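Reader: I would like to go through a few local features one by one. Please give the general idea before each case.

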Amino acid sequence: MTADNWVTVSKLDAVEVGNVIGIRAGELDIALYNIEGQIYATHNICTHAHALLSDGWLEEDVIECPLHGGRFEVKTGKGLGAPITCDVRTLPVRVEDGVIQVNLA
Ligand code: FES
């Protein structure tokens with residue numbers, strides 16, 4: 001993680017508490033989550049097939065994929081059982097002056 005790789009991806013107020021949104025940064029699809037006021041980021045493409053996690057359902061700190069119901073722990077990216085066999089990548093996040101930045105390194 002280097003200082004050069006922080007990219008502004010969204011305004012903070014675009015991600016309400018308890019919600020998830022999908023954004024694109026360069027070639028990368030990223031999901032941004034607001035869990036109890038804390039922002040987290042993961043890759044947005046499900047590791048099982050091609051679906052956007054941001055189209056799924058966020059319950060506390062678990063995102064459920066809209067296509068086959070696979071579930072991931074948002075804070076760690078850990079897959080929570082079938083049909084998921086591979087964790088989803090997380091990205092470092094920081095909030096500064098009302099904007100969300102992710103580190104793409
Ligand atoms: S595409 Fe996400 S669980 Fe199948």
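Author: We start with exposure. A residue is called buried under 20% relative accessible area, exposed over 50%, and partly exposed in between, using a 1.4 Å probe and protein chains only. Asp 97, at 81% relative accessibility, counts as exposed. This is a predicted model, in which local features need pLDDT of at least 70, side-chain atom pairs count only at pLDDT 80 or more, and totals for chains, interfaces and linings use all residues. Residues are numbered from 1 along each chain as its sequence is written, and side-chain values use heavy atoms, with hydrogens and water left out.

Reader: Where does Asp 97 lie?

Author: Strands are DSSP runs of E with at least two residues, and helices are runs of H or I with at least four; they are numbered from the N terminus. Asp 97 lies in the loop between β9 (93-96) and β10 (99-103). Although Asp 97 is not a glycine, its phi is positive, about 50 degrees.

Reader: What is the phi of Glu 36?

Author: Glu 36 also is not a glycine and has a positive phi, about 55 degrees. The residue sits in the loop between β3 (28-35) and β4 (38-43), and is exposed, with a relative accessible area of 76%.

Reader: Which residues form the negative surface patch?

Author: A patch takes residues with over 30% relative accessible area and no salt bridge; like charges are joined within 9 Å, and nonpolar side chains (Val, Leu, Ile, Met, Phe, Trp, Tyr) within 5 Å. Asp and Glu count as negative, Lys and Arg as positive, while His and the chain ends are not counted. Here the negative patch consists of Glu 36, Glu 59, Glu 60 and Glu 64.

Reader: How many salt bridges does the structure hold?

Author: Side chains of opposite charge can pair when their charged atoms come close. The criterion is a side-chain nitrogen of Lys or Arg within 4 Å of a carboxyl oxygen of Asp or Glu. The structure holds one salt bridge: Arg 24 pairs with Asp 29, with 2.9 Å between the closest N and O atoms. Asp 29 is partly exposed, at a relative accessible area of 23%.

Reader: Is His 43 buried or exposed?

Author: His 43, in strand β4, counts as buried because its relative accessibility is 19%. Contact means heavy atoms within 4.5 Å. Leaving aside neighbours within four places in sequence, His 43 has contacts including Asp 29, Leu 53 and Val 88.

Reader: Which peptide bond is cis?

Author: The bond from Ala 82 to Pro 83 is cis, with omega near 5 degrees. Pro 83 is found in the loop between β7 (71-73) and β8 (90-91).

Terms used. Areas by Shrake-Rupley, 256 points an atom, 1.4 Å probe, with all protein chains shown as cover. Charge placed at Lys NZ, Arg CZ, Asp CG, Glu CD.
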